[in-house]
Amino acid sequence: MPRTKGDHESRRRDVSEAVWRVLAAHGFGGLTLRAVAAELGATTGLLTHYFPAKRDLVAYALDLLEQRSAGRPRRAAGAGLAAVRAAMLDILPLTDEATDANRIWVSSWDVALADPALSGDHARRYAQSRDKLCDLVAEAQRLGELPAGDPVRIAAGAQAFTLGLVVQALFAPTAFPPDRQAGLLDDYLDSLAAAPATRDADEVPS
């Protein structure tokens, strides 16, 4: 019997789940057509209908990782500094699910850096994350919960702090359990709130 559209969509979902399980177990370093086929219980020939080459598989996996990350539940928070804190907490590996997702993200960096197009896609993803943080920082400044200053610069520093803490927690989970991660984040935000106001670059007299 001919395959229906429903069959195709069902198979694509199966492939997506198989790709995700391989990523969770082995990261991007272990992502191969053979590994996905074995997880799926299929032949590599079947997968070439979806991914003619390894690069196609990697690009798809990165998109899948982005979709999974975007679909994760987020902490509810009001406006201001609480919203900044919630957004940063959402990135940290505080749960098993978040830890798995972060391990996959970190494993993707080497793959993305080796390919200019994939590297550009990653740069876009992190820029979007900074933009969201920037909006939250600007609102916290408007509410008087953060001192005046360039929100773009503050958001870049916040993202850098968060990603650095992610790496430390992944490599030394016993030294950086969830409660310590949250405590370090609160220390960082306290230092931001206590920092003196700075003038924007375009306001500095020549």
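**Entry 1: Thr 198**

I started at Thr 198, which touches Ala 148, Gly 149 and Asp 150, leaving aside residues up to four places away in sequence. The model is predicted, and I keep that in mind throughout. I looked up where Thr 198 sits: it lies in the segment after H9. I then took the pair Thr 198 and Gly 149. They are 49 residues apart in sequence, yet their C-alpha atoms are 4.7 Å apart in space. The cut-offs I need here are under 20% for buried and over 50% for exposed.

Next I went back to H9 itself.

I took H8 (residues 151–171) to begin with. H8 and H9 pack at about 160 degrees, and their axes are 11 Å apart. That angle makes H8 roughly antiparallel to H9, because angles over 145 degrees get that label. I noted the crossing as right-handed. Which residues make the contact? From H8 I listed Ile 154, Gly 157, Ala 158, Phe 161, Leu 165 and Ala 169. From H9 I listed Gln 181, Leu 184, Leu 185, Tyr 188 and Leu 192.

Then I turned to H5 (residues 81–89) against H9 (residues 178–194). Their axes come within 11 Å and cross at roughly 140 degrees. That makes H5 oblique to H9. I recorded this crossing as right-handed too. On the H5 side I found Leu 81, Val 84, Arg 85, Met 88 and Leu 89. They meet Ala 182, Leu 185, Asp 186, Tyr 188 and Leu 189 in H9. Leu 185 and Tyr 188 of H9 stand in both of my contact lists, the one for H8 and the one for H5.

**Entry 2: H6, H7 and the loop between them**

I moved on to H6 (96–113) and H7 (116–142). Their axes come within 7 Å and cross at roughly 135 degrees. H6 is thus oblique to H7. I noted a left-handed crossing for H6 and H7. H6 contributes Trp 105, Ser 108, Trp 109, Val 111, Ala 112 and Leu 113 to the contact. H7 contributes Leu 118, Ser 119, His 122, Arg 125 and Tyr 126.

Asp 115 lies in the loop between H6 and H7. What does its side chain reach? I found the backbone nitrogen of Ala 117 at 2.9 Å. I also found a polar contact of 2.7 Å between the side chains of Asp 115 and Arg 55.

**Entry 3: The two sides of H2**

Last, I looked at H2 (residues 33–40). Which of its residues are buried? I wrote down Leu 33, Val 36, Ala 37 and Leu 40. They sit on the same side of H2, because they cover an arc of only 100 degrees around the axis. Just after H2, I noted Gly 41, which takes a positive phi of about 70 degrees.

Conventions. Residues are numbered from 1 along each chain as its sequence is written. This is a predicted model: local features need pLDDT of at least 70, side-chain atom pairs count only at pLDDT 80 or more; totals for chains, interfaces and linings use all residues. Side-chain values use heavy atoms; hydrogens and water are left out. Buried means under 20% relative accessible area, exposed over 50%, partly exposed in between (1.4 Å probe, protein chains only). Helices (H or I, at least four residues) and strands (E, at least two) are DSSP runs, numbered from the N terminus. The arc is that of the directions from the helix axis to the C-beta atoms. A polar contact is a pair of N or O atoms within 3.5 Å; within protein, one must be able to donate a hydrogen and the other to accept it, and residues adjacent in sequence count only if both atoms are side-chain atoms. Axes are lines fitted to C-alpha atoms, for helices over the stretch in contact, and angles run from 0 to 180 degrees between N-to-C directions. Angles under 35 degrees count as roughly parallel, over 145 as roughly antiparallel, 65 to 115 as roughly perpendicular and the rest as oblique. A crossing is left-handed if the near helix is turned anticlockwise from the far one by less than a right angle, and right-handed if clockwise. Contact means heavy atoms within 4.5 Å.
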